Amino acid sequence: MATPRPASAPATTARRTLMSLLPRVEERLHAFLSAEYERWHGLDPRSSAPIDAIADLVDAGGKRMRPAFCLSGYLAAGGDPEDGRVIPVAAALELLHACALIHDDVMDESAVRRGAPTVHTSQAALHRERGWQGTAERFGENVAILAGDLALVYSDEIMAEVGPAVAAEWHLLRSELIIGQYMDVAASVEFEPDPETSRWIAIAKSGRYTIHRPLVLGAAVAGRADAAPAFEEYGAALGEAFQLRDDLLDAFGDSEVTGKPSGLDFEQHKMTLLMALAIQRNAHIRELVPAQLRGADHLRRLLIETGVRDDVEKHIDGLVERACRAIAEAPLEPEWREELAAMAHEVAYRSA
């Protein structure tokens, strides 16, 4: 299996330039959310609750993968690091991601995100603590839905600062994410093992909006539409590898490292590519889903014993090789071709 670049490897000039821009994205996010908080909290302190929820999630960290790929697409396409036009695009992507996470946690009934209670969980706890009317769970979900919607509105507001060159790609990215998420929900209730459908869902709901389209958005800001085909091939392959790694981390990862509960895909009977391949190989696996604790442990053993885990790892290897081949032939400076190849390994072989 291929391995990521060692953490001790010296940063390239490309990586140093990228890292110099990421704090500007953080500053943009903080300034925007702080201004919104002041605007609404001054009118009524209660009205800032959805903004607080978004800000808490953003402040909790995360990998900032989408901003990083957007900035990389911009820089790799020859964008001037001193020109700030790409910063709002990267910030908008992180707010869109916040929307997706908040809504995803409601749909998955997840209690933890980035090591902290999810929005709907924390709001339900507040409802119980204050002894308010109605159902705590429903209140928590309502607040989370509204907070996620607000994050989406904010992402559009920030993106509106950028010229029309990125508009079509931005609109496609958002609709693709939502349609992919719907297909994920539908596949989980149908629960029919179809590896090709599972692969398409993984790319649409996660891979494209994580890697492919952020790269293309960055290149569009730099005025380099000609880089889009190479970024599409690279992003499609690496986006699928990214989602497959997510599937493996959900099944076998350490929740203390990932910052979210393990086995959620089992509990929510998600028809991931991992699960589709497993059921095709051993029909008994279908009976273990949704999995309780003992069932989940047995399911993990079967994923190993049937060779599905190893096959998925090999498939990830092939996707990384495909991504690296695509970027090796891209019309970019050699240093950025090398940097994007290194990023492919880091994304595909991450532990969180």
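## Basis

The model is predicted, so local features need pLDDT of at least 70 and side-chain atom pairs count only at pLDDT 80 or more, while totals for chains, interfaces and linings use all residues. Residues are numbered from 1 along each chain as its sequence is written, and side-chain values use heavy atoms, with hydrogens and water left out.

## Overall fold

The protein has 15 helices and two strands (DSSP runs numbered from the N terminus: helices are H or I with at least four residues, strands E with at least two). Its radius of gyration is 20 Å, close to the 20 Å that the globule rule gives for 352 residues, so the protein is as compact as a globular protein of that length. The radius is taken over C-alpha atoms, and the rule is 2.2 Å times the number of residues to the power 0.38. Along the principal axes, the C-alpha atoms fill a box of roughly 55 × 55 × 35 Å.

Of the 352 residues, 52% are buried (under 20% relative accessible area with a 1.4 Å probe, protein chains only). Among contacts (heavy atoms within 4.5 Å) with a separation of 6 or more, 73% join residues 24 or more positions apart.

## Largest pocket

The largest pocket holds about 860 Å³ of space. A pocket is an open set of points, on a 1 Å grid over the protein atoms alone, where a 1.4 Å probe fits, with protein on both sides within 12 Å along at least five of seven lines; lining residues have an atom within 4 Å of a point. Grid points are joined across faces, edges and corners, and the volume is the space filled by probe spheres set on them.

The lining comprises 43 residues, with Leu-101, Asp-104, Arg-113, Asp-246 and Lys-260 nearest the centre. Helix 4 gives the most, seven residues; helices supplying at least two include helix 3 (65-76), helix 4 (86-108) and helix 9 (228-252). By class, 14 lining residues are nonpolar, eleven polar and 18 charged.

## Helix 2

In helix 2 (residues 49-59), the buried residues are Pro-50, Ile-51, Ala-53, Ile-54, Ala-55, Leu-57 and Val-58. Their cover includes helix 1 (13-41), helix 4, strand 1 (112-113), helix 5 (119-130) and helix 6 (136-159). Just after helix 2, Gly-61 takes a positive phi of about 110°.

## Cysteines

The model has zero disulfides (pairs of cysteine sulfur atoms within 2.5 Å). For Cys-99, the nearest cysteine sulfur, that of Cys-70, is 18 Å away. Cys-99 counts as buried at 9% relative accessibility, and Cys-324 is buried at 17%.

Technical notes:
Nonpolar A, V, L, I, M, F, W, Y, C, P; charged D, E, K, R; others polar. Buried < 20%, exposed > 50% of the residue type's maximum accessible area, 1.4 Å probe, protein only.
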